[in-house]
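Here are some exercises to work through with the model open beside you. Try each task before you read its solution.

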Amino acid sequence: MASARAKFMSATAGLRARRLHRILPLVERHAARYAQLDVDAFTTAAREIAIELRRNPGFPDELTAKAFALIRELSGRVLGMRHFDVQVVGAFAMIKGMLAEMATGEGKTLTATLVAGTAGLAGVPIHVVTVNDYLARRDAELMTPLYSMLGLSVGVVVSGQSTAERRAAYSRDITYCTNKELAFDYLRDRMILGQSPGDLTLKMETLYNSSPRTDQLRLRGLHFALVDEADSVLIDEARTPLILSGVADSEIDANTVAQALDLAASFEAGVDFIVMLDERRVYLTERGQKRVTAFAASREGLWRGAITREELARQALSVIHLFHRGEHYVLIEGKVQIVD
């Protein structure tokens with residue numbers, strides 16, 4: 001069985017490789033034309049490809065090959081570095097949404113320009129995500145002359161920048177950034193958007209609010225990401241939770257909290273509620289919901305709302321059964337600190 005599976009995987013890998021290599025003759029078909037252009041003519045040629053890509057979304061093979069051929073020729077002129085076939089194939093895999101494994105020295109940074117440049121010409125905002133500030137700055141500075149000749153703008157997001165600087169960088173056609181900065185900026189924007197993130201709601205807000213939420217956002221959305229060191233970003237570092245904390249006013253007074261904890265302490269596991277340890281969530285049973293309703297009948301405030309009172313009960317049950325002092329949190333100088 002293992003041998004058959006290995007043969008199947010090998011066969012499918014070979015088929016996938018052959019499909020990816022079909023981009024090479026397509027690129028070569030356009031190479032001679034661009035080799036004859038003067039450097040100043042590349043901007044016009046790039047504009048023509050951009051129009052075609054925007055009229056035909058989804059990166060069709062023929063147009064992708066045309067863009068690759070242009071970028072490869074221009075890179076050789078401007079940067080003195082012309083993409084090898086392995087880089088063209090790797091870029092084709094990535095623009096099709098695949099992971100491309102490339103050996104050290106095969107030029108991942110240069111390979112990325114084919115993908116980023118083509119996506120930029122297609123009008124798709126792209127984030128080139130890497131693992132640290134140094135690489136983000138270095139790669140952006142190294143490749144900006146090439147992107148500029150394509151008529152594309154480049155931004156860099158690194159630690160220590162202000163909100164205005166980040167917003168400006170994210171507004172560029174191509175933005176180099178680190179995975180952590182991008183993730184935290186996304187979380188900050190989600191906090192600003194709150195429970196009403198709809199596009200129509202945000203547009204209406206600009207009509208009556210002098211300081212609408214759209215003016216406070218850093219990102220303009222998530223469209224296309226090209227991830228360098230994907231194994232590190234998507235596996236190793238993805239195991240570390242990103243925690244964004246802040247001070248918020250609570251509507252729940254101490255008396256309501258005490259009542260919720262007393263109610264939760266009287267509940268019977270498996271009868272009034274179920275604990276799902278793998279999800280780290282608590283679910284009320286039908287009997288538990290009835291007990292919450294009965295408990296709330298003689299009380300005012302937050303207990304009057306059906307959704308709110310059940311959430312109070314679930315939170316109290318979570319405190320008792322999911323969060324243990326010394327394991328999930330500690331008390332230091334009277335303050336609760338989460339154990340990471």
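Predicted model: local features only at pLDDT ≥ 70, side-chain atom pairs only at ≥ 80, totals over all residues.

**Exercise 1: the largest pocket**

Solution. Residues are numbered from 1 along each chain as its sequence is written, and side-chain values use heavy atoms, with hydrogens and water left out.

Step 1. Helices (H or I, at least four residues) and strands (E, at least two) are DSSP runs, numbered from the N terminus.

Step 2. Now look at the residues themselves: 25 of them line the largest pocket, and Leu99, Ala100, Val227, Glu229 and Ala230 lie nearest its centre. The space in this pocket is about 690 Å³. A pocket here is an open set of points on a 1 Å grid over the protein atoms alone, where a 1.4 Å probe fits, with protein on both sides within 12 Å along at least five of seven lines; lining residues have an atom within 4 Å of a point. The volume is the space filled by probe spheres set on the points.

**Exercise 2: a helix in the lining**

Find out how many residues of α5 are buried.

Solution. Step 1. Apply the cut-offs: buried means under 20% relative accessible area, exposed over 50%, and partly exposed in between (1.4 Å probe, protein chains only).

Step 1. In α5, the buried residues are Gln87, Val88, Val89, Gly90, Ala91, Phe92, Ala93, Met94 and Ile95.

Step 2. That makes 9 of the 11 residues of α5, so the helix is largely enclosed by the rest of the structure. After α5 comes glycine 97, with a positive phi near 85°.

**Exercise 3: following salt bridges**

Which residue forms a salt bridge with glutamate 52, and which one with aspartate 61?

Solution. Step 1. A salt bridge is a side-chain nitrogen of Lys or Arg within 4 Å of a carboxyl oxygen of Asp or Glu. The structure holds 21 of them.

Step 1. Glutamate 52 meets lysine 66, at 2.8 Å from N to O. Because glutamate 52 lies in helix α3 (residues 42–55) and lysine 66 in helix α4 (residues 61–78), the pair ties together parts that are 14 residues apart in sequence. Glutamate 52 is partly exposed at 27% relative accessibility, whereas lysine 66 is buried at 14%.

Step 2. Aspartate 61 pairs with lysine 96, their closest N and O atoms being 2.9 Å apart. Aspartate 61 belongs to helix α4 and lysine 96 to the loop between α5 and α6, so this pair ties together parts that are 35 residues apart in sequence. Aspartate 61 is partly exposed, with a relative accessible area of 21%, and lysine 96 is partly exposed at 34%.

Step 3. For a further pair, go to arginine 218 and aspartate 189, whose closest N and O atoms are 3.7 Å apart. Arginine 218 sits in the loop between α10 (199–208) and β4, and aspartate 189 in helix α9 (residues 179–193), so parts 29 residues apart in sequence are tied together. Both arginine 218 and aspartate 189 are buried. Through shared partners, salt bridges join Arg166, Glu181, Asp185, Arg188, Asp189 and Arg218 into one network.

**Exercise 4: positive phi in loops**

Solution. Step 1. Most residues other than glycine have a negative phi. Arginine 280 has a positive phi of about 55°, and glutamate 333 also has a positive phi of about 55°.

Step 1. Place each one. Arginine 280 lies in the loop between β5 (273–276) and β6 (281–284); these strands run antiparallel and are joined by 4 bridges. Two strands pair if DSSP finds at least two bridges between them. Methionine 276 has arginine 281 of β6 as its bridge partner. Glutamate 333 is in the loop between β7 (329–332) and β8 (335–338).
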